[in-house]
Each structure stands twice: as structure tokens, then as C-alpha cells.
Amino acid sequence: MKDFERISVTRLSGALGAEIGGVDLRQPFDELTLKEVNRAFLDHHVLFFRDQNLSPAELLAFGRQFGELNILQPLVGPDGLPEIMRISKEQQDDYAVGHVWHSDAPYAEIPPKASALYAVEVPDRGGDTLFANMYTAYDALSAPMRDRLARLTAVNGGPYIYSARGGGSQFSARDDARKEGDPVFSSAVQPVIRTHPETNRRVLYVNPAHTEYIEGMSPEESEALLAMLYRHGSRPEFICRFHWRPGSLALWDNRCTWHYAANDYPGQRREMLRLTIKGDRAFFK
Ligand code: SIN
């Protein structure tokens, strides 16, 4: 029996990531296709779709098939759609949003389940996005380290990635939003090891962009432990790398991956549209 009837699934690396073929994302999925895409999503953690041609409204309709969407632009979003964030780097910009390993919004009490990123304009070369598998990062830790980490919690904050260092031209827009109480400037305590609500597998849940410190440790201890975990989590064995073309779309499971936007295209423009799908539950309720 074939694994999939409606879609084709081509793995991108040993660690995670698969390219999905056979679908036009402008059309709603039928029941079987949605089931197969969801299965591939849980198996491969990040899915890539090529050669799509989506308007912002069609991107939203695609995202809604996986759950309720978060509001990302409390002030104003592209085309008046507050669920879409435009992530752009202009020719004169030095910094790119997301050029540090992170998962999306661990500073929210309930972080997103998934994120979708759609390429509108990409540089001739460079501007890839890298993804890392936090299941395998967890599995590759020693048993004593896993036991130790399972009892720890960490404070996660928003500002770094949207700051002038982390966000370049996005900063002023986000800074305005701050005045309106943008959740990006909140912080939340999260477990260092979380259990994925659908697969019940454990994952490493700290990241270099947002995790500020581990609770109950001295600053020196916390920094040393986090530095070790960041080196570990970004090992090449846990990674896949995606090269964008206009019309490519990535859908990642934000509960078990990190991602990193490579900032290696000086003088060129890149424009992406992003949405996030609401998460399932808070960890400490
Ligand atoms: C992000 O960090 O959400 C954006 C990643 C990218 O632009 O490649």
C-alpha cells in the first residue's frame, strides 16, 4: 500500500523536513489530503511547498485549515490583514529578522503550534532558512542531562529578535506596537523540556533568541548551561536547509523545531509573509 495517496513526500535531510508535491494551495484540502498533510507534518516537522501563487487572503485560508490564527500585527498588517506579518529586508538593511536560532513566541503563555512562511521576493542567492529538530536534540542528550533538564524552567522574552540588533528595519514598527501592549514584549516561564501534545515525544525547549535564563540558577550557571544547549541544538546532524524561490511556502511545527534566517545576501531585497497558528495549551495550567 502506498503511504500517501494524494500527496508526494520527499525528505530533505536525515534530520527533518520534507517537500510536499501534488497540491495547489489555493484550493482547500479535501479531507484525505488534509489528513495526509497533517501526518507528514507530524512525521517531518517542517513541510515545504513549491511553486505556489498565493494572495495574502489565500495564505490565510491555507493557514486556517490547521487551526485558529494568531493576530501578529496589532496595528496594521499587509492588506489590512492583522494575522499576517510581512518580514522584509531592504537592499540597504544590514540585519534580517530571525537571523538567530529560535522558535516562534515562547514568550507567549501559549506559544504557536505552527508557523507558515511564504516567499514573495527572494535574493538571487542566499536568504535560505535553516531548521533544527528539537526531538533529536533532546534524544541525543545523555540520560543524566535529560533528567536534570526535565526539572528546570526558563524565562523566555520577546524583545531581542525584534530589536535593532535582531530585526533591522522591523524595529520601528515593532517599537510602535509596544506602546499598544504588543505581546512580543511580554515574557513567559516555560519548561526547558516540553512534551509535544500530539506525538507525546519530548523536545528541548530553550532557544538562543528568546530564552533569558534558567530559573533558580546563578547567571554564570544559567549562561554556561544554555550555551552548551545552544551548541548542541544547532549541530549539523539536527538540521535541514531550505532554499527559497518566489512562491515557496514552509509550514513548521513550532513545538519541536528551531529556525534561522541566513543573512547572507547584502544589497538584495527579500520579502516574506508569515502567519502563526494558535497553540494548544499553556504548560503550567
Ligand atoms: C522567522 O524567523 O520567522 C523568519 C525566518 C525567515 O525569514 O527565513
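Which residues is Thr211 in contact with, leaving aside its neighbours within four places in sequence? I looked them up in this predicted model, and found Ala154, Val155, Asn156, Val206, Leu226 and Tyr230.

**Entry 1: Thr211**

I placed Thr211 in strand 11, which covers residues 211-214.

Then I turned to the polar partners of its side chain. I found that the side chain of Thr211 makes a polar contact with the side chain of Asn156, at 2.9 Å. Asn156 is also one of the residues in my contact list for Thr211. The side chain of Thr211 also reaches the backbone nitrogen of Asn207, at 2.8 Å.

My other stop was an open sheet of 3 strands, and I wrote down the order as 12-6-14, with antiparallel pairing. Which strands are at the edges? They are strand 12 (239-242) and strand 14 (257-261), each pairing on one side only. On average, neighbouring strands of this sheet are turned by 20° against each other, direction ignored.

I then took a closer look at one pairing. Strand 6, residues 129-133, pairs with strand 14 in the antiparallel sense, and I noted 5 bridges. For a pair to find on screen, I picked Ala132, whose bridge partner in strand 14 is Trp258.

Technical notes:
Residues numbered from 1 in each chain as written. Predicted model: local features only at pLDDT ≥ 70, side-chain atom pairs only at ≥ 80, totals over all residues. Heavy atoms only, no water. Helix = DSSP H or I, 4+ residues; strand = E, 2+ residues; numbered from the N terminus. Polar contact = N/O pair within 3.5 Å; in protein donor to acceptor, adjacent residues only side chain to side chain. Contact = heavy atoms within 4.5 Å. Pairing = 2+ DSSP bridges. Axes fitted to C-alpha atoms, helices over the stretch in contact; angles between N-to-C directions.
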